[in-house]
Amino acid sequence: SYTTDTKSREENKKTLENLYSLSVDITKIRRLKEWVLLQDVAYVKEIAGILQEMGADETTVANIIERCPEAILHTPAEINSQRALWQLVCQNEKQLIKLIEQFPESFFTTEYQQNQKANILFFQELGLKNNIITRFLTSAPNIFYNPVEKNKNVIETLQRNYLNLGGSEANMKIWILKLLSQNPFILLNTSTAIQENLEFLQKNDFTDQEVLQLLSKLKGFIFQLNSATMQKSMLFSKNIFKCSDQELKQLVLKCPALLYYSVPVLEERLEGLLKEGISIAQIRETPMVLELTTQIVQYRIKKLSALGYDIKSGNLESLNGTKKDFEVTYGKIQSKKERPIFNPVAPLHIED
């Protein structure tokens, strides 16, 4: 409810004085959100006082206000409620102030306090650890803005489908918690969208076991897709790799990215690989290479080429994996290249 009409308004002198006294860089605020300085009421000293009470020093307070100027427009009561709320999952105030400094916008969004509280308690009940919930509060705050019933509904839909697909009651809790901690944004989907995506896979002849496998491999990203984009991506892969429906299914199970990435993304990555002299047959053999961006592929090929490793004649396994995986592969190839052909200190067996 703050006005953003800046034409005829003047900056609030009292606000400016209070900010100066805290060594806040006002030019930063003017550049970022000048409208904050035009409001008739601001709680600069009070908010600074609450942050200091939690253990923030002068530099930290200034840093928080510069990054999130609207913090000073909240009433002390709102901020104290938010503080109590986040303390439900923070070990202590030292951890809390560190989080506020890193993610001020998440902390100073106070409009959904009732929903936030209900969702925190629901996640704790579900068995999510507090450190995971604090990660959600900072990196995916909008999942807490949903009414708790909506989040419960999505979780129940996932649980029901997991059991219907043949998942066991004993493993269900672990599966749900893992899925959520990998991708909390699945909670922003509707139960209907989740249902439709699962039905799409079943209509495309994926068995229940394979659908479960895909859900785990895709870390819940499948729920952020829709059947139309999945259909287009599968059709594109089928044409490129010239394969039957059954072969396509095996490729998707091997590399779910074929389902997840849109056609323009797959096209660009494929083009990048072909430019490097890699054949369609090689890509079909190791489709996981399409999970990597063109820049990463180019960088890895360059590094391997410097060791004399010809990617065009070998398989593409050496390109795959995370940064860490690639470094391990690269290290092995490097040490193999540096190792002498024979061991100069080994005794020679010469017949008499």
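What follows is a set of questions and answers on the labels used for this model.

Q: What makes a local feature count in this model?
A: This is a predicted model, so local features need pLDDT of at least 70 and side-chain atom pairs count only at pLDDT 80 or more, while totals for chains, interfaces and linings use all residues. Residues are numbered from 1 along each chain as its sequence is written, and side-chain values use heavy atoms, with hydrogens and water left out.

Q: Why is Gln116 called buried?
A: Buried means under 20% relative accessible area, exposed means over 50%, and partly exposed is in between (1.4 Å probe, protein chains only). Gln116 has a relative accessible area of 1%, so it's buried. Gln116 sits in helix H8 (residues 113–126); helices are DSSP runs of H or I with at least four residues, strands are runs of E with at least two, and both are numbered from the N terminus.

Q: What does Gln116 touch, not counting residues up to four places away in sequence?
A: Gln82, Leu85, Thr109, Phe144 and Tyr145. Contact here means heavy atoms within 4.5 Å.

Q: Are H5 and H8 roughly parallel or roughly antiparallel, and why?
A: Helix H5 (residues 76–86) and H8 pack at an angle of about 10 degrees, their axes 11 Å apart. Axes are lines fitted to C-alpha atoms, for helices over the stretch in contact, and angles run from 0 to 180 degrees between N-to-C directions. Under 35 degrees counts as roughly parallel, over 145 as roughly antiparallel, 65 to 115 as roughly perpendicular, and the rest as oblique. So H5 and H8 come out roughly parallel. On the H5 side the contact is made by Glu78, Ser81, Gln82 and Leu85, and on the H8 side by Gln113, Gln116, Lys117 and Ile120.

Q: How do the residues of the contact of H5 with H8 divide?
A: Into 2 nonpolar, 4 polar and 2 charged. Ala, Val, Leu, Ile, Met, Phe, Trp, Tyr, Cys and Pro count as nonpolar, Asp, Glu, Lys and Arg as charged, and the others, Gly among them, as polar.

Q: How do you know whether Ser106 is buried or exposed?
A: Ser106 is at 7% relative accessibility, so it counts as buried. Ser106 belongs to helix H7 (residues 104–107). Leaving out residues up to four places away in sequence, Ser106 touches Gln82, Trp86, Leu137, Thr138 and Pro141.

Q: Why is Lys242 called exposed?
A: Its relative accessible area is 68%, so Lys242 is exposed. Lys242 lies in the loop between H14 and helix H15 (245–254), and has a positive phi of about 45 degrees although it's not a glycine.

Q: Why does the span of helix H17 agree with what it should be?
A: The expected span is 1.5 Å times one less than the number of residues. The 13 residues of H17 (residues 263–275) should therefore span 18 Å, and the end C-alpha atoms are 18 Å apart, which agrees. Just after H17, Gly277 takes a positive phi of about 90 degrees.

Q: Which residues of H17 are buried?
A: Val263, Leu266, Arg269, Leu270, Gly272 and Leu273. The buried residues of H17 pack against helix H14 (227–241), helix H16 (257–260), helix H18 (280–285) and helix H19 (294–306).

Q: What makes a nonpolar core, and which residues touch the most other members of the largest one?
A: A nonpolar core is a set of buried Ala, Val, Leu, Ile, Met, Phe, Trp, Tyr and Cys residues joined through side-chain atoms within 4.5 Å. The largest has 107 residues, and Leu51, Phe108 and Leu259 touch the most other members. Helix H11 (residues 169–182) gives the most to this core, with 6 residues.
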